[in-house]
Amino acid sequence: MTREELIPLAERLMTPETSEEEFSQIPATLERGLVCPHISDYRFRDLAPDLTPGKVVDRTMAYKTTAL
């Protein structure tokens, strides 16, 4: 998925008006589109006042897996 496709999903995740059903589906969609399993952590545990959907997506896209 591209950044442009991911940002609207992150926006919906961050919007209080999002339905409960959609709210539960969005993280799974984001995790499938990215290799980062921490999208919810970035959204809910980052208390930065200037947190935007774009910043959440950028942080998630920067995630690199570690080969063992």
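This is a predicted model: local features need pLDDT of at least 70, side-chain atom pairs count only at pLDDT 80 or more; totals for chains, interfaces and linings use all residues.

Biologist: Which secondary structure does the protein have?

Modeller: The protein has four helices and zero strands, so that reading along the sequence gives the pattern α-α-α-α.

Biologist: How do the axes of H1 and H2 cross?

Modeller: The axes of H1, residues 3–13, and H2, residues 20–33, come within 9 Å of one another and cross at roughly 145 degrees, and the crossing in which H1 passes H2 is left-handed.

Biologist: And which residues make that contact?

Modeller: On the H1 side they are Leu-6, Leu-9, Arg-12 and Leu-13, while H2 brings Glu-22, Phe-23, Ile-26, Pro-27, Thr-29 and Leu-30; by class, that contact has seven nonpolar, one polar and two charged residues.

Biologist: What does Ile-26 touch, leaving out residues up to four places away in sequence?

Modeller: With those left out, Ile-26 touches Leu-9, Arg-12, Leu-13 and Thr-18.

Biologist: Turning to the largest nonpolar core, which residues touch the most other members?

Modeller: That core has 13 residues, and the ones touching the most other members are Leu-6, Ile-26, Leu-30, Val-56 and Val-57. Two or more residues come from each of H1, H2 and H4, the helix at 53–61, with H1 giving the most, namely five.

Biologist: How much of the protein is buried, and what about its surface?

Modeller: Of its 68 residues, 32% count as buried, and the accessible surface comes to about 4,700 Å², with 54% of that belonging to carbon and sulfur atoms.

Conventions. Residues are numbered from 1 along each chain as its sequence is written. Side-chain values use heavy atoms; hydrogens and water are left out. Axes are lines fitted to C-alpha atoms, for helices over the stretch in contact, and angles run from 0 to 180 degrees between N-to-C directions. A crossing is left-handed if the near helix is turned anticlockwise from the far one by less than a right angle, and right-handed if clockwise. Contact means heavy atoms within 4.5 Å. Ala, Val, Leu, Ile, Met, Phe, Trp, Tyr, Cys and Pro count as nonpolar, Asp, Glu, Lys and Arg as charged, and the others, Gly among them, as polar. A nonpolar core is a set of buried Ala, Val, Leu, Ile, Met, Phe, Trp, Tyr and Cys residues joined through side-chain atoms within 4.5 Å. Buried means under 20% relative accessible area, exposed over 50%, partly exposed in between (1.4 Å probe, protein chains only). Accessible areas come from the Shrake-Rupley method with a 1.4 Å probe; for residues, only the protein chains shown count as cover.
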